[in-house]
Amino acid sequence: MAECAAQFSFNEKHRHFPVLKVAHTKPPYFENSATNLSFNDKLIEQLTVGAMPLVITNCHETLLEVLPSVIIDQEDVGIININAHLLMDQCLDLTIGSMLHFALNRFNECRAFHVGIDRNRCDKKQLEYAEDMGCNWLLADEVNYRGRTMVKEQLARFISHCDKLVLTIDLPSISKHNSSSEKHKLDINMVLRVLRQCLASNKVLLVQLVGSEERHIYSKATQLLVQELGHFCE
């Protein structure tokens, strides 16, 4: 049985949800009648009281279950994807890697900004599609301390055009430490800079951390991200 699982964290209260279950291992994994509705019930409950939920999940597509609950009226919702991958695989059925393809096609209120795209993991056709969908992006080799001013300016420009923000952060894309062996991964210090700038805008509704392996979920980088979110919520 394949399963998409997520954990909510609100103000030191933690709940685990097997969000979606299917009885087979073939795609689509995420759209079926067995969806656990309590996930969205709890999400709405926390957003109503002004909390900023942290969702820790094993797949980016969990966010598609969340979006209908955070889109209100005609507000523009910016999805900031901190990730080596675009998540814009074009397909008819929902599969891993297609989250933003479906988000931008289903919800006119959504726009996307990609931070840290690895040019070796996407081809020209994918970037052209992202451009057609109105996306902005920064490549991984642009997200470094030397380019911090440019990163800040581009992010600020994107944030200024959004009423609300949702962040999804791919944990495997973040370097555990500064090392030449991880040169294609994002420096955690730059990721923290991006996170702080988003939080300072007071527009962030929800943050999603994504990792399917324990070495990513329980990494030092994840700990630093959670701590930063905790400081903001104090």
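I am working with a predicted model, where local features need pLDDT of at least 70, side-chain atom pairs count only at pLDDT 80 or more, and totals for chains, interfaces and linings use all residues. Residues are numbered from 1 along each chain as its sequence is written, and side-chain values use heavy atoms, leaving out hydrogens and water.

**Helices α2 and α3**

I looked up α2 (residues 62-70) and α3 (residues 99-106) and found them packed at about 20°, axes 9 Å apart. Helices here are DSSP runs (H or I, at least four residues), and strands are too (E, at least two), numbered from the N terminus. The axes are lines fitted to C-alpha atoms over the stretch in contact, with angles from 0 to 180 degrees between N-to-C directions. So α2 and α3 are roughly parallel (angles under 35 degrees). I noted Leu63, Leu64 and Leu67 of α2 meeting Met99, Phe102, Ala103 and Arg106 of α3 (contact means heavy atoms within 4.5 Å).

**Nonpolar cores**

Next I checked the largest nonpolar core, which has 35 residues. Such a core is a set of buried Ala, Val, Leu, Ile, Met, Phe, Trp, Tyr and Cys residues joined through side-chain atoms within 4.5 Å; buried means under 20% relative accessible area with a 1.4 Å probe, protein chains only. Ile80, Leu165, Cys198 and Leu225 touch the most other members. Its largest share, eight residues, comes from α6. I also found another core apart from it, of 33 residues, with Leu67 and Val166 among them.

Note on methods
Parallel < 35°, antiparallel > 145°, perpendicular 65-115°, else oblique. Buried < 20%, exposed > 50% of the residue type's maximum accessible area, 1.4 Å probe, protein only.
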